[in-house]
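Trainee: I have the file open now, can we go through it together?
Mentor: Gladly, ask whatever comes to mind.

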Amino acid sequence: MSVVIPWLEQFAKGAVVVLGVALVALVLTIVWGLLGAAAKLSGNRIAGAIADAYTTVFRGTPELLVLLIIYFGSAVTLTWIGKQLDPSVRFINIPPFWAGAVAISLIVGAYATETFRGAFLGVERGQVEAARALGLSSSQTFFYVRLPQMWRLALPTFGNHMISIVKDTALLSVIGLEEIMYVAERGMTMTNKPFTMYAVVAVFYLAFVSLIIIAVARLEKRLNRHLVRAR
Amino acid sequence: MLKSFIAAAALAVSAFIAAPVVQAQEVLKVGSECTYFPFNFRDVDGKLKGYDIDVADEVAKRLNAKTEYSCLKFDGLIPALLAGQFDLIAASLSITPQRKERMDFSVPYRLSIGQFVAPKAKKLQLFDASNNVLKQNFKGIRIGLQRGTTYDSWFQAIVPEAQVVRYETVEQMYLEIKSGRLDAIMTNPMKTYLEFLSKPDGAGFEVVGPQITDEKYFGTGAGIGIRKGNEALLKRIDTAILAMKADGTLDKFSKLYFPFAIYPIN
Amino acid sequence: MSFDVALILQSLPQILEGVGLTVQLHLISLAAGTLLAVGLALLRISPNPALSWPALVYIYVFRGTPMLVQVAIVYYGLAQFEMVRNSPLWPTLREPFWCAIIAFTLNVTAYTAEILRGGIQGVDRGLLEAGKSLGLSAWHRFTRITIPIAMRLSIPAYGNEMISLLKGTALASMITMYDVTGVARTIVSRTFAPYEIFISAALVYLALTWVIQQGVKFAERYFNRHLRK
């Protein structure tokens with residue numbers, strides 16, 4: 001076990017990287033999820049079809065492949081787009097941190113789309129009708145009535161999505177991001193103890209996941225406080 | 001609702017693209033493996049070091065440019081270069097005809113050789129006295145290589161019936177030959193001697209067979225990789241490397257890691 | 001750099017060679033994992049804490065850590081121990097195939113146990129009480145009432161787990177195996193065309209996912225046939 005101690009600092013640095021990617025991915029996941037849900041609920045057939053393609057592709061392709069495609073393909077695509085806008089552009093590339101965060105967010109966002117869609121449908125129509133009757137505009141209804149209630153319904157499942165985001169970060173060493181798995185890989189030959197090194201990584205992820213579970217449980221209690229009844 | 005979301009998303013994406021790239025000093029983005037001791041590796045203090053790194057930094061200095069490194073697994077380096085993730089590769093990349101079809105190389109700054117390493121106890125006989133391959137002795141043994149390396153191409157051409165196991169990193173290969181999953185590995189002998197064979201870990205292992213320098217597969221040496229169409233930059237890099245050879249800089253860098261010169265002397 | 005559509009089609013035959021291994025890994029791990037999950041689910045819902053706590057910990061660990069870490073620990077980690085290398089298990093553990101199966105199975109067991117638990121606990125208590133009042137023994141109540149209904153309730157979640165496992169098999173490429181992803185990565189390292197080749201591989205996975213989804217739809221229709229008008 002003591003062989004791990006000199007590596008703890010590197011592990012800590014890798015952990016910070018994981019946290020960073022997870023945070024960015026979380027924000028983007030919510031964006032894609034809301035966009036996708038909106039598209040599917042809008043009744044617009046083209047938007048719905050695009051959203052359906054999005055969820056099918058990203059829920060049906062291995063995360064590892066999505067990561068590799070986005071890392072290697074993003075530069076090609078973005079450069080092409082960039083060149084259309086400004087011919088003098090040389091190359092636009094995405095560093096592994098961002099490529100990884102975007103890839104993870106697209107994958108989990110596809111699941112989040114379904115979760116949000118179901119949650120939006122779960123908001124009582126009576127609430128929406130009452131809001132409109134009171135004179136709230138479409139966007140006011142959305143932000144003050146539908147969105148908060150959607151969150152309450154979506155939270156348990158979204159908590160699972162957040163855990164997925166965190167676990168997917170383990171793949172990022174494949175595209176060169178120097179996060180915690182990368183440290184373990186380098187350390188395992190030098191210390192000759194791959195089991196120990198990977199065990200450290202496992203403990204870290206368990207801790208991170210546990211924190212999320214606790215946070216989500218607290219949040220759930222808070223969001224449902226209006227439903228608690230006196231015994 | 002949908003419209004405002006699309007607008008916001010489009011705004012974010014365009015902000016990403018519109019980031020201006022105006023640099024006072026030329027920046028050379030270099031891709032490397034960063035785990036290939038002693039050619040490119042991260043030292044305990046976190047800094048990128050090694051022969052490849054020294055050469056790349058020195059070339060940049062002579063071109064009045066700064067270097068910016070990206071680390072990636074070896075088999076991803078060439079695809080990433082071609083996709084534009086960086087401009088140069090400094091990762092002991094051998095100059096082979098197969099690679100030259102898709103990219104350009106500088107003049108070689110390092111020799112490229114391959115050799116087998118196996119446990120002493122196994123007494124593997126893979127070559128005969130005149131260094132010809134004994135194909136039948138390759139049957140039933142597992143040989144580890146790094147994916148995408150020239151050793152891979154050599155195997156495919158010379159002994160395609162051998163059971164080859166491809167790994168992402170050399171470190172995984174050492175682990176596997178120590179645990180017994182592999183019967184032999186093929187890698188760079190200079191590197192292996194330094195980090196494995198001369199250490200207590202490698203005591204039970206030895207090189208087997210001759211050093212293989214077949215130009216068809218290992219090329220004329222290792223050079224700096226660059227995309228096609230950058231003739232001007234390539235010329236400047238070549239000039240720098242040749243100058244470094246002439247004034248003894250390559251020799252100095254060699255001796256930092258090896259007791260002998262590792263660049264082509266011609 | 002241009003987008004070579006022809007290359008996507010050209011590389012498909014080679015990539016399909018990896019399908020056999022992917023399917024093998026998937027089916028074997030699924031079967032073994034589901035079998036073990038039944039036992040684990042029963043342990044988990046047992047009123048005896050000595051049985052339910054270890055089950056809870058097992059499920060927690062395997063759902064809370066990335067699958068890649070689990071695969072790496074089984075393949076690289078176990079080989080670290082002299083005891084393992086000298087044991088009679090070594091010839092099996094030596095093979096990446098079995099290491100992958102073991103890791104995937106352990107993972108499937110944890111997730112499927114939770115799914116089964118959800119299914120079992122979702123069975124209407126009224127139905128069980130009716131069974132009791134009709135004189136059915138506990139064993140019969142379990143096999144004739146709980147299991148069939150739990151299975152029906154579990155189908156959607158189990159279908160998701162099957163797809164999850166399919167995606168997980170791609171991790172076998174990280175321990176030197178030539179499944180669909182492993183073959184794709186090897187081709188990429190020779191042709192330097194990651195975009196096209198990986199998209200080709202993705203299409204293969206999407207096709208396999210579609211097959212699973214059709215199977216799930218069929219199962220749902222079959223198990224819900226009593227509800228059709």
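Trainee: Leaving aside its neighbours within four places in sequence, which residues is Thr146(C) in contact with?
Mentor: Once those neighbours within four places are set aside, the contacts of Thr146(C) are with Ile120(C), Val123(C) and Arg141(C); bear in mind that we are looking at a predicted model.

Trainee: And which helix is Thr146(C) in?
Mentor: Thr146(C) belongs to helix α9 of chain C, which covers residues 138–168.

Trainee: Why does Thr146(C) count as buried?
Mentor: Thr146(C) has 20 C-beta neighbours inside 10 Å, and it therefore counts as buried, given that the cut-off for a buried residue is 20 or more.

Trainee: How many Å apart are Thr146(C) and Leu128(C), C-alpha to C-alpha?
Mentor: Their C-alpha atoms are 7.7 Å apart in space, while in sequence Thr146(C) and Leu128(C) are separated by 18 residues.

Trainee: Zooming out, how many helices and strands does chain C have?
Mentor: Chain C has eleven helices and zero strands, so that, read from the N terminus on, its elements run α-α-α-α-α-α-α-α-α-α-α.

Trainee: What does the C-alpha trace of chain C span along its principal axes?
Mentor: The span is about 70 × 55 × 25 Å, and of the 229 residues in chain C, 43% are buried.

Trainee: What share of the contacts in chain C with a separation of 6 or more comes from residues 24 or more positions apart?
Mentor: Among the contacts of chain C with a separation of 6 or more, 77% are between residues 24 or more positions apart.

Trainee: Last one, over in chain B: how many residues of helix α3 are buried?
Mentor: Ten of the ten residues in α3(B), residues 74–83, are buried, and the helix is described as mostly covered; among them are Phe74(B), Asp75(B), Gly76(B) and Pro79(B).

Trainee: What happens just after α3(B)?
Mentor: Just after that helix comes Gly84(B), whose phi is positive, at about 95 degrees.

Definitions and conventions: Residues numbered from 1 in each chain as written. Chains lettered and ligands numbered in written order. Predicted model: local features only at pLDDT ≥ 70, side-chain atom pairs only at ≥ 80, totals over all residues. Helix = DSSP H or I, 4+ residues; strand = E, 2+ residues; numbered from the N terminus. Buried ≥ 20, exposed ≤ 12 C-beta atoms within 10 Å, placed from the backbone. Contact = placed C-beta atoms within 7 Å.
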